[in-house]
Amino acid sequence: MTGMRLSLLALLAAPSMAAEGEVLLAGFRGSGAEVHTWKQMNDPVMGGRSTGTFHVENGLGIFDGEVVGVPFLKAPGFIKCNTVDAVPFRRAFPDVSQCKAISIKAMSANSYSGFFFSFGNAHPAEGKFFASGYKASFQPAVGEFKDVVIPFDSFTDLWDDATGQPIKTCAENPKYCPNVAALRDLRTMSFWAEGTAGKVHLEIDSVKAVGCSEASGKIVHV
């Protein structure tokens, strides 16, 4: 199925809106606070050959490319796209410290199994050099838009910068769980295709925080 055919399916989907108990964090329609500036990045490691692109089409974020092996590491590399509109003294995302999980509405063109989502810039002292932020894997539906819910306690900031996989999980040690400060100010968010070789085509409708109290969802400028 081509990217164009997949994109046309999105026209049948309802607009990205946040229901009660949800906070819309990222979307690709209109010009609201949820519409962010995104940047594509390919594996910069010596000999890295993974390539990708990111663009907005028909109200969707299109993350496209291929993850291939890095000869130097003898392992697959990565591609990612991330938001770049956070600036000092201004928060790009609402406070989600009273929410329970991230919900991603997306569709994949195939069964590629190396997708990750991350947010923030947290880096524990014992963390890998290139690993920053809280990260978790997710598996989008193939050929149709569905919501994938990732509880915040599934994220960790101690993960392997060669594979994306956790070294220690939040469940194994709470010190690696997202803390209140990180959830009040996400700073940035990223989609990754990492550690698994293959073609990548992900169409992203929205990112929300879910399981939220009434006090959630405010953007505070500091």
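Setting aside neighbours within four places in sequence, Cys170 is in contact (heavy atoms within 4.5 Å) with Asp153, Phe155, Thr156 and Cys177. This comes from a predicted model, where local features need pLDDT of at least 70, side-chain atom pairs count only at pLDDT 80 or more, and totals for chains, interfaces and linings use all residues. Residues are numbered from 1 along each chain as its sequence is written, and side-chain values use heavy atoms, with hydrogens and water left out.

Cys170 sits in the loop between strand S12 (146–151) and helix H2 (180–184); helices (H or I, at least four residues) and strands (E, at least two) are DSSP runs, numbered from the N terminus. With a relative accessibility of 8%, Cys170 counts as buried, a label for anything under 20% relative accessible area (1.4 Å probe, protein chains only). Leu158 is 12 residues away from Cys170 along the chain, and their C-alpha atoms are 8.9 Å apart.

Elsewhere, 5 strands make up an open sheet in the order S2-S7-S13-S9-S10, paired antiparallel. Strands S2 (38–42) and S10 (134–137) stand at the edges with a single partner strand each, so one side of each has no neighbour in the sheet. Pairing here takes at least two bridges found by DSSP between two strands. S9 (residues 115–119) and S10 are joined in the antiparallel sense over 4 bridges, and Phe119 is placed opposite Tyr134 in S10.

As for confidence, the protein has a mean pLDDT (the predictor's confidence in each residue, from 0 to 100) of 89, and 87% of its residues reach 70 or more. Over residues 1–16, though, pLDDT stays under 50. Where pLDDT is low, the predicted coordinates should not be read in detail.

Key:
Buried means under 20% relative accessible area, exposed over 50%, partly exposed in between (1.4 Å probe, protein chains only).
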